[in-house]
Amino acid sequence: MSSGHQHSHTAPHDHDHDHAHHGGIKGWLFELFVPHTHDSADSIDDALESSVQGVRALKISLFLLLGTTVLQFIVVLISGSVALLADSIHNFSDALTAVPLWIAFILGRRAANRRYTYGYGRAEDLAGLFIVAVVALSAVVAAWQSIDRLVHPQPLHNLWWVIAAGLIGFAGNEAVAVYRVRVGRQIGSAALVADGVHARIDGFTSLAVVLGAGGVMLGFPLADPIVGLLISAAIIVLLWGTVRSIGRRLMDGIEPELADKALAALRGTPGVVGVERLQLRWVGHRLQGTAAVTAADAPLSAVEQTLEDARHHLERALPKLDDMVIQATAARP
């Protein structure tokens, strides 16, 4: 005897990570640039609301970054610094990286169809991959510019204006980073967290301009390119954690803690004798999966009740689960 039961719901899910907590300076750096997401079970009501939250975060942070760029450009006009002009153009281009993620959140709301039977949630992970590529490219460009400045030193002018522009860039990017990472944690979006990390990296790049200008004021003209090289190296090293997070999702990887919770919920259901198969995967910031359980030999109605109980157990164990298909076979005597 077998019975198939499909369940679709929109309650939010827990998002546990197989990460290690680091202490001291290393832990602080990892929390800044490789933040993990601890989701509140009641923070987002459903998939639609989580997408709305994500789009709202992107809108606000996009306009905040554009405002930061405008302020920096005003400083460029006052100081006449070509370096600051390049930095403001860089921040403007970085602000536009929110656009593909914005499109991905909108696509994620579209219903599944005959061609995309699982829907469009995977677009969010692809946008995250694009963001990672942009961050890596920006690190390479920054390193190249720093090396060029080492080989061909150039004097800095209007250093106080340079410092002001760097502080403006840092403040704007850090505000965006805090906001994006917080919302990304709430809705379980690795792509939005990655975009927040991107903004944080850009903020520290702007802060490096301040440190470099300070070094020049103290009589060390090579401080600016040296600091730029150090930050470029740090970006590449710390970006690896974000690459792993996005790459795991694209490969349908799942945190072991989530699978353990699901297994415990199914095995703890009265009438379930064993769990033959359990599959979970992320699609954007939502979980989907299938399970095959062995049910105690009983009438069909009793098996259906067992599946219903198993569904409720999974809802409590994984509150943000989006879709789950559970099948049951009768235990052999």
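Which element gives the most to the nonpolar patch? Helix α5 does, with three residues. The model is a predicted one, and a search of the whole structure finds six salt bridges.

**Nonpolar surface patch**

- Ile-147, Leu-150, Val-151, Phe-220, Leu-222, Ile-226 and Leu-230 form a nonpolar patch on the surface, and together they have about 600 Å² of accessible area.
- Two or more residues of the patch come from each of α5 (122–151) and α8 (223–250).
- Ile-147 is placed in helix α5; because its relative accessibility is 45%, Ile-147 counts as partly exposed.

- Asp-125 pairs with Arg-122 in a salt bridge whose closest N and O atoms are 3.4 Å apart.
- Asp-125 and Arg-122 are three residues apart in helix α5, so about one helical turn separates them.
- Asp-125 counts as buried because its relative accessibility is 0%.
- A network of salt bridges links Arg-122, Asp-125, Asp-252 and Arg-281.

**Other salt bridges**

- Arg-200 and Glu-174 form a salt bridge through their side chains, at 2.8 Å from N to O.
- Since Arg-200 lies in helix α7 (residues 190–217) and Glu-174 in helix α6 (residues 159–187), this pair ties together parts that are 26 residues apart in sequence.
- Arg-200 counts as buried, with 8% relative accessibility.
- The side chains of Arg-248 and Glu-255 also meet in a salt bridge, at 3.9 Å from N to O.
- Glu-255 is buried, its relative accessible area being 1%.

How values were computed
Residues are numbered from 1 along each chain as its sequence is written. This is a predicted model: local features need pLDDT of at least 70, side-chain atom pairs count only at pLDDT 80 or more; totals for chains, interfaces and linings use all residues. Side-chain values use heavy atoms; hydrogens and water are left out. Patches are made of residues with over 30% relative accessible area and no salt bridge: like charges are joined within 9 Å, nonpolar side chains (Val, Leu, Ile, Met, Phe, Trp, Tyr) within 5 Å. Accessible areas come from the Shrake-Rupley method with a 1.4 Å probe; for residues, only the protein chains shown count as cover. A salt bridge is a side-chain nitrogen of Lys or Arg within 4 Å of a carboxyl oxygen of Asp or Glu. Helices (H or I, at least four residues) and strands (E, at least two) are DSSP runs, numbered from the N terminus. Buried means under 20% relative accessible area, exposed over 50%, partly exposed in between (1.4 Å probe, protein chains only).
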